[in-house]
Amino acid sequence: MVVNYRQILEHISDAIFLLDADGYIQYCNPGATTLTGYSINDLSHQSMALLRSGGNDLIHAEYERTVALRQGVTHSKGWIFRKEGSHFWGEMTITPVFDEEQVCTGYTCVLRDSTAVLEETIRLRDNEERYRLMVEGVKEYAIFLLDTGGHIVTWNEGAQRTKGYSPDEIIGKHFSTFYTAEDLKDGKPARELKIAVATGKYEEQGWRVKKDGSVFWANVVITALFNERNEHIGFSKVTRDLTETKYQQEALRESEERYRSLVEQVGDYGIFMMDEKGRIVSWNTGAQRINGYTTEEILGKYFSIFYTEEDILSGKPDFELRTALAVGKYEEEGWRLRKDGSKFWANVVITALYSSEKVFMGFSKVTRDLTERKQAELALRESYERFRSLAHTLKKTNTELAYANQELEQFTSIVSHDLQEPIRTIKSYLQLLDLKLDAEQNTDLKAYISRTIHAANRMRELIQNLLHYSQLSRGEILEVTMPTAELIEQALQNLKSSIERTQPEIRIECEVDVVKGDRVQLVQLLQNLLSNALKFTDAEKPLITIWCTEVEGHVKFSVSDNGIGIAPGDYAKVFDMFRRLHTQKEYPGTGIGLTICKKIVDRHRGKIWLESEAGQGTTFHFTLYEN
C-alpha cells in the first residue's frame, strides 16, 4: 500500500510547516491556516516571525533554528498572533531536516494551541504559589506533615537526609521522636502543637535528635493547617539543620567578599549571585549599567524580574535554574528587560555554585548585552536577502537574455543562409550572360555585368563575415596550449597569396614560446590584423613587424606596419561594425574585420588598442587573459 504522506498532513489538526534552510515557509497544511487565520498565500515564503509579537522578531526566529540545528530539536512556548489580531498560547517544535550528505536543507515546525493548558497551569500555579510562599517564609530543609495528633503522614528527601529516617521507618510515628529526653519530660512537643493551633505557627531553634542518637541544632517551624471550613486538619513542620550552616554562612561571606572585590568593577558584563531560589544577593557595576537597577533597588528580588511576560508564563526562569542545577551550567541567548521596560538581546550564563564540601550554595549569573552585534547581524541578513532577491532577478533576466540571444543567433544563421541563396543565383545567371555575350558588340553591358558579379561577391563575403561574427559568441572557447611561432606561421600561410603579391618585409620578434587560447580564433585574429597591414599601405616596400612579449604575467602581441596610418580622432571608430574610414574603391573590404578581432580578444579576457598617426603607419596591440 502506498502511503500518501501529504494526505496525512492535510488531516492533522495541528499546524505543520516546512521551512527552507533560511527559515522561510515553503509548505503549510490546512491546520496552519485554520489555527492562524492566514491563507496559504499569506504564509508562503514568510518567516515564522510573522506569527510572533509584532511580526519582526527575526533575531529570536534565527536563534531558535540555530538551537534546533545544534541540539537536533527545539521547543518553545509563547503568544502566537492570528491574522485578525487575536492571539493564543502556542507550543512550537522545530526540527532540522538533513539530506544524504548531512547538510541541513530546511526545518519542520509543528505549532499547537495550548491556551487551555496554560490556563490550567496558571490555576494550578496560583494554588501552588500559596504553598510556595509558605515554604519560602521559613528556612526549610526537612518538610513533612503531621496529623492533628502529631503523627507523621508525609516525609520528604530533605527530612530523610537531616534526621536519618527513611519514609518506611518514620511515617506513622509521633514527631516527639526527634526530641531530647529533657524536652519530652517537660512536655515540650504537646506544648508546641497547642501554641501552633492557638497562634497559627510555632517557631524556635533548639536541639533535636537524629536516628543515630546524635543531636543537631535545628531551626523549627510548626504551622497549623485548616481547610476551607476552618477545620483543623493537621500541621506542617519544617526543620533545618543549622549546625553546619553557621560555618557555611561564614565561608560564604568570605567567598562573597572575594567575589565582590573581583567582579564589582567589571563594566562590560552584568555579574551577580543568587541564592538557591533565584533571589539576587550581589550586584556589580556592569549589571547596573546593563539592567538599569541600583544595588538597593534589586537586592532580594527574584531574577525573573528581567524576563518577558511570555518567558514567565512558560516557566522559563525556573527551568533555567533547574537545568543549571542538573548539569552545572545553563547558557542561552534571548530577550531580557531593563528597568525602563526596554528589551535587549542578552547572552546569559547561569552556573550552580557549591562549597568545598559539595554543598549547594546558589547560582552565579553573567549577562552580556549583544543587542548591537545582533542588530549588525540582522542588517547583514537583510543585505543578504536583498542580494538574494537581486540575484533571483538577475538570473531571470539572464535567462531571458540567453533566450533572446539564442533566437538572435538562429535568426542570423537563417538570414545569412537565405541571403546567400539568391546571391548565388544572381551570380550564376550573370556569369551565363557574360559567357554568351559578344565582347566586341556589348562592351558596356559586359562591364556592367562584371561590376554586378563583383558586387555579388562582396555581398557574399559580407554575409559570411556577419555569420562568422555571430558564431564567435556560441559555445565555450576551446583552450589549448600551442607554440607561438606555429600560431604566427599559420596566419601568414593563410595570407600567402596576398604576401606574394605585395612582397612585404616581415619581421618577427617573439619572446614567448607558447600561448594559450582557442587556436582557430587566435589564427583569425592575427590573420585579420596582418591582412589590414598588407591592405592599408602606399609604401613601395611594405614593412610589417610582429612582436610577442610577456607583460605582468600575461601575453601581449603587437602588429606594426608602415602604411597610411589612422588619425587619433578615428581610434574609437575602427572597431565599430561596418565602420569604414576609406571608400570601397580605395581599399576594398567589409568593415567587419577589426570588429571580429575585438570580439575574439574580449572572449579571451584581454584588451585591444592601437597607436597610429596619419601617414606614419599603425601598431595594433592586444593582450590575452588579463587578471
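Q: What does Glu297 count as at 31% relative accessibility?

A: At 31%, Glu297 counts as partly exposed. This is a predicted model, in which local features need pLDDT of at least 70 and side-chain atom pairs count only at pLDDT 80 or more, while totals for chains, interfaces and linings use all residues. Residues are numbered from 1 along each chain as its sequence is written, and side-chain values use heavy atoms, with hydrogens and water left out.

Q: Which side chain does Glu297 meet in a salt bridge?

A: Side chains of opposite charge can pair when their charged atoms come close. The term covers a side-chain nitrogen of Lys or Arg within 4 Å of a carboxyl oxygen of Asp or Glu. Here Glu297 meets Lys339, with 2.6 Å from N to O. The two come from distant parts of the chain, 42 residues apart: Glu297 from helix α12 (residues 295-298) and Lys339 from the loop between β11 (329-337) and β12 (343-354). Helices (H or I, at least four residues) and strands (E, at least two) are DSSP runs, numbered from the N terminus. Lys339 is partly exposed, with a relative accessible area of 43%.

Q: How many salt bridges does a search of the whole structure find?

A: The search finds 34 salt bridges. One of them joins Lys83 and Asp42 at 2.8 Å, N to O. Lys83 is in the loop between β3 (74-81) and β4 (87-98) and Asp42 is in helix α3 (residues 40-43), so this pair ties together parts that lie 41 residues apart in sequence. Both ends are partly exposed: Lys83 has a relative accessible area of 47% and Asp42 one of 26%.

Q: Where do Lys211 and Glu169 lie?

A: Lys211 lies in the loop between β7 and β8 and Glu169 in helix α7 (residues 167-170), so the pair ties together parts 42 residues apart in sequence. Their side chains meet in a salt bridge of 2.7 Å, N to O.

Q: In what order do the strands β6, β7, β8 and β9 stand in their open sheet?

A: Two strands pair if DSSP finds at least two bridges between them. The order here is β6-β9-β8-β7, and the pairing is antiparallel. β6 (142-146) and β7 (201-209) are at the edges with a single partner strand each, so one side of each has no neighbour in the sheet. On average, neighbouring strands are turned by 25 degrees against each other, direction ignored. Axes are lines fitted to C-alpha atoms, for helices over the stretch in contact, and angles run from 0 to 180 degrees between N-to-C directions. β7 pairs with β8 (residues 215-226) over nine bridges, and Arg208 stands opposite Phe216 in β8.

Q: Which helix packs on this sheet?

A: Contact means heavy atoms within 4.5 Å. Helix α9 (residues 188-199) touches β6, β7, β8 and β9 (232-241), and its direction makes about 160 degrees with that of β7.

Q: How many residues lie between β3 and β4 in their hairpin?

A: Five residues lie between them, and Gly85 in the turn has a positive phi of about 110 degrees. The two strands pair in the antiparallel sense over eight bridges, with Ser76 opposite Met92 in β4.

Q: What is the phi of His45, which is not a glycine?

A: Most residues other than glycine have a negative phi, and most peptide bonds are trans. His45 has a positive phi of about 60 degrees. His45 is in the loop between α3 and α4 (58-71) and, at 53% relative accessibility, counts as exposed. Lys358 also has a positive phi, near 65 degrees. Lys358 is in the loop between β12 and β13 (360-369) and counts as exposed at 69% relative accessibility.

Q: Which ring does the charged end of Lys343 sit over?

A: A charge sits over a ring if NZ of Lys or CZ of Arg is within 6 Å of the ring centre and within 35 degrees of the ring normal. Lys343 sits over the ring of Trp335, 4.9 Å from its centre. Lys516 lies over the face of Tyr625, at 5.2 Å from the ring centre.

Notes:
Buried < 20%, exposed > 50% of the residue type's maximum accessible area, 1.4 Å probe, protein only.
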